[in-house]
Amino acid sequence: MTIYDELGVRTLINAKGPATRLSGGIMRREVAAAMAEASQACVDMAELQAAASTRIAEATGAEAGYVASGASACLLLSAAACMTGLDPGRMARLPDTSGMKNECVMVRSQRNFYDHAIRASGMKIVEVGLPDRYAGAGVRDAESWEIADAITERTAAIFYVADAEARPAFAEVVTVAQSHGVPVIVDAAAQLPPQSNLRRFIAEGADLVAFSGGKALGGPQASGILAGKRDLVMAAALQHLDLDVFWDLWEPPASFIDKARLKGAPQHGIGRSCKAGKEEIAGLLTALKLFIAEGDAARHARWLADCEIIAAALPADCVTISGRSDEGSVPTVDISLQGATPTATELTLMLQRATPAIAIDPFRRNRNIVTLNPMCLKPGEAEIVGRAIAHALA
Ligand SMILES: *Cc1c(COP(=O)(O)O)cnc(C)c1O
């Protein structure tokens, strides 16, 4: 009897990928074991975060790192850090930003649901650029001069959402940021693989970068990595850690939080609701180590094998595997439903109502295509998915 049996909750086969709505992915045994082990002793959280900082710095090339409850939490902490610096008075005041630089410049085409995390800090998003998809004059997007043009004395950061399609190119944005002395926050939540992205944005000049712990890294679903400049990470930590402390008794590791530079402890900051426990931190650091050890080629081959099992069960004329030859990508199975029935919507519903339920990705259902992502499949599940879809199409 599993915990889900006991709770009366059905489990599902996740061929959609690590969506939060579907509980993320499957952690490796080693990651789950690290979480269980961490749960059996108490530690000082500042010391544990300082150790995480060292590991994250090694993995990313950043000066420092931090763990919070997700990439989204890391973005909120990033925005807060860029507004407050190391001033505990400002930290205590958020989300009231009076007296602070409180704007971030963001390219309009990069706006997305997750930028709520930035706004939740009290930071205001100033949009630039008009991505013209309709005029027929060719697709344009923001240019770096437009970002420069929007920078004022109120600008606390430039917020960049990394993606292969993101415009302008990251290097151009960094040039603008550095020439104006404004930090750049990068949302790279879903930019792994390729593994090289762990280091890429930092190497190219990002001040803070957020990665999800529960996506390709294979860490706990409620974890995320923040990597970046030492002072900004320190400002983030100060707004996340439980600082219900007596100042004279508080002894955080000086390499991580330099108490000598503070005029006081800010107590519970705006990030207090983004808590990560010792179990998440231990699990995430273990997952990060395994992710780096596996490497893109082996990971891609593992995922591709599942894609091939699914594709082999289906009529060849409607199936393609994307990303087959790109080791730095997640290969997927795309099924083009050109017959009358089932449609992409119908197939998605049939599978989610089946026993066991199978989740697939209908994001291109307007073109009658469904996508299967192998990242969260367990051994043996690709066969079940292939058979279930073949049956539904027959
Ligand atoms: C998944 C995602 C997030 C949120 O990450 P969590 O780790 O779930 O908080 C933020 N931004 C983008 C672009 C994402 O894909």
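These legends describe several close-up views of one predicted model. Residues are numbered from 1 along each chain as its sequence is written, and side-chain values use heavy atoms, with hydrogens and water left out. In this predicted model, local features need pLDDT of at least 70 and side-chain atom pairs count only at pLDDT 80 or more, while totals for chains, interfaces and linings use all residues.

**View 1. Helices α11 and α13 pack together.** Two packed helices are described by the angle between their axes and the distance between the axes. Helix α11 covers residues 278-312, and helix α13 covers residues 381-393. Their axes lie 8 Å apart, at an angle of about 25°. That angle makes α11 roughly parallel to α13. Angles under 35 degrees count as roughly parallel, over 145 as roughly antiparallel, 65 to 115 as roughly perpendicular and the rest as oblique. The axes are lines fitted to C-alpha atoms, for helices over the stretch in contact, and angles run from 0 to 180 degrees between N-to-C directions. The crossing of α11 and α13 is right-handed. A crossing is right-handed if the near helix is turned clockwise from the far one by less than a right angle, and left-handed if anticlockwise. Helices (H or I, at least four residues) and strands (E, at least two) are DSSP runs, numbered from the N terminus.

**View 2. Helices α4 and α10 cross.** Helix α4 spans residues 71-84, and helix α10 spans residues 230-238. The two axes come within 8 Å and cross at roughly 110°. So α4 is roughly perpendicular to α10. The crossing of α4 and α10 is right-handed.

**View 3. Arg111 pairs with Glu127.** Side chains of opposite charge can pair when their charged atoms come close. Here the side chains of Arg111 and Glu127 meet in a salt bridge, at 2.5 Å from N to O. The pair links distant parts of the chain, 16 residues apart. Arg111 sits in the loop between β3 (103-107) and α6 (116-120), and Glu127 in strand β4 (residues 124-128). A salt bridge is a side-chain nitrogen of Lys or Arg within 4 Å of a carboxyl oxygen of Asp or Glu. Arg111 is partly exposed at 31% relative accessibility, and Glu127 is partly exposed at 29%. Buried means under 20% relative accessible area, exposed over 50%, and partly exposed in between (1.4 Å probe, protein chains only). The structure holds 17 salt bridges.

**View 4. Arg364 forms a salt bridge with Asp334.** The closest N and O atoms are 2.8 Å apart. This pair, too, links distant parts of the chain, 30 residues apart. Arg364 is in the loop between β11 (357-359) and β12 (369-372), whereas Asp334 is in strand β10 (residues 332-336). Arg364 is partly exposed, at 23% relative accessibility. Asp334 is buried, with a relative accessible area of 7%. Elsewhere, salt bridges that share partners join Arg28, Glu294, Asp296, Arg299 and Arg302 into one network.

View 5. Most residues other than glycine have a negative phi, and most peptide bonds are trans. Pro168 lies in the loop between β5 (155-161) and α8 (170-180). Pro193 lies in the loop between β6 (184-187) and α9 (197-203). The C-alpha atoms of Pro193 and Gly295 are separated by 9.3 Å, although these residues are 102 apart along the chain. Gly295 is found in helix α11 and is buried, at 15% relative accessibility.

**View 6. Gln267 and Asn368 have positive phi values.** Neither title residue is a glycine: Gln267 has phi near 55°, and Asn368 has phi near 60°. Gln267 is in the loop between α10 and α11. It is partly exposed, with a relative accessible area of 45%. Asn368 is in the loop between β11 and β12. At 18% relative accessibility, Asn368 is buried.
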